[in-house]
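Good morning, and thank you for making the time.

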Amino acid sequence: MRSRGVALVTALVVVAIAASLATHLLWRSSMWISQVESMRDLAQARLLADAAAQWAAAVLADDAANSAVDHPQEPWARQIPPMDAEGGQVGGQLFDEQVRWNLNNLLTASGKINEPELIVYRRLLAELNLPTELAETLADWIDVDTEARPGGAEDTYYLAHSPTTRTLGASLSVIEDLLLVKGYDVVVMERLRPHVTVLPGTTQINVNGASAIVLEAVLTGLSSADAEQLVLQGQRLPFRDIADFRTRFGKDFPGQGEGRIATRSRYFSLRLQAAFGKSQVQMVALIDRGQGWPVVVWRRFG
Ligand SMILES: [Ca+2]
Ligand SMILES: [Ca+2]
């Protein structure tokens, strides 16, 4: 009787273990299936985002074919709320990157610093109440020589500080590169970001959409009040061309540096969100409308 009792208990234990093992295996395989599903969904969401980027390029091509100016009231600038597409959802918005000052304007093709542009950057920093040494440290970071400018910093500084690194000696690829440069931190970045960008080569400022701070920095002789008045004018009715920009100012136009401004743009950034099944992706891309069909220069998923 006692041994039967023990055998029964043993049998029950065996059954219990087998059952829990089966549950565990079932759980493992369903985990595996859901992982495969979410990987598939993620891949689909990315495909959807890439398709949307191609659609944005087509929108910009269409704009170039139909208008000689670019301004934030044009159809390309509209925010597209998430909408159903190919079994998922996608939405986003295009932004004119040339309403911001391009930090790579500081560098000439031969790797030297463009001194008049450095003056523009110093002015921009001063308007933002940031130390103007940030212009010198960035200049040393991107120039090809290893001689430190007054207030700047070259390899000797970076090799002695953590994280140990060397200066870039080339134009910036992405704005986050700035965080490696002496004096730049998240607080500085937050203040700078609405007014600066990182684009290939040298670019002009599109006066349709640029901030008063940027206009004041690129046009020597323009006061804050002048710049603010111009921004308001452009918001009421976008400027057709630079002659229109000057004329509508209403009195003798004090700004110098017309080579730095334009009323159309080549570079646009795209921010979009795509969702498929259980997965969501965010994408940031830079689009170049320079020659022929617009191309995606780079894209990042987040
Ligand atoms: Ca346009
Ligand atoms: Ca230097």
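W141 and Y158 are both buried, where buried stands for a relative accessible area under 20%, exposed for over 50%, and partly exposed for what lies in between, with a 1.4 Å probe and the protein chains only. Before I continue, please note that this is a predicted model, in which local features need pLDDT of at least 70 and side-chain atom pairs count only at pLDDT 80 or more, while totals for chains, interfaces and linings use all residues. Residues are numbered from 1 along each chain as its sequence is written, chains are lettered from A and ligands numbered from 1 in the order in which they are written, and side-chain values use heavy atoms, with hydrogens and water left out.

Let me turn to the aromatic pairs. Rings of Phe, Tyr and Trp (for Trp, its six-membered ring) pair if their centres lie within 6.5 Å; planes under 30 degrees apart count as stacked, over 60 as edge-to-face, and the rest as tilted. Across the whole structure, the search returns 5 aromatic pairs. One of them joins W76 and F268, whose ring centres are 5.0 Å apart with planes at 75°, so this pair is edge-to-face. It connects distant parts of the chain, since W76 sits in the loop between α1 and β1 (80-85) and F268 in strand β7 (residues 267-276), 192 residues apart. Helices here are DSSP runs of H or I with at least four residues, strands are runs of E with at least two, and both are numbered from the N terminus. W76 and F268 are both buried.

The pair of W141 and Y158 is edge-to-face, with 5.0 Å centre to centre and 70° between the planes. This pair, too, links distant parts of the chain: W141 belongs to helix α3 (residues 133-142) and Y158 to helix α4 (residues 155-159), 17 residues apart. Ring pairs also bring W141, Y157 and Y158 together into a cluster.

How many of the residues of α3 are buried? The count is 9 of its 10 residues, and the helix is mostly covered. Among the buried residues of α3 are L134, E136, D140 and W141. Their cover includes α2, α4 and α5 (186-192).

T132 lies in the loop between α2 (115-127) and α3 and is partly exposed, at 30% relative accessibility. Its C-alpha atom is 5.3 Å from that of R122, although the two residues are 10 apart along the chain. Not counting residues up to four places away in sequence, T132 touches R122, L125 and A126, contact being heavy atoms within 4.5 Å.

Some backbone angles deserve attention. Most residues other than glycine have a negative phi, and most peptide bonds are trans. N129, in the loop between α2 and α3, has a positive phi of about 60° although it is not a glycine; N129 is exposed, with a relative accessible area of 65%. E86, in the loop between β1 and β2 (88-96), has a phi near 50° and is exposed at 73% relative accessibility. The peptide bond from S162 to P163 is cis, with omega near -5°, and P163 is found in the loop between α4 and α5.

S67 is buried, with a relative accessible area of 17%, and V69 is buried with 17%.

D244 is found in helix α8 (residues 242-247). Is D244 buried or exposed? At 7% relative accessibility, D244 counts as buried. Leaving aside neighbours within four places in sequence, D244 is in contact with P238 and F239.

Thank you; I am glad to take questions.
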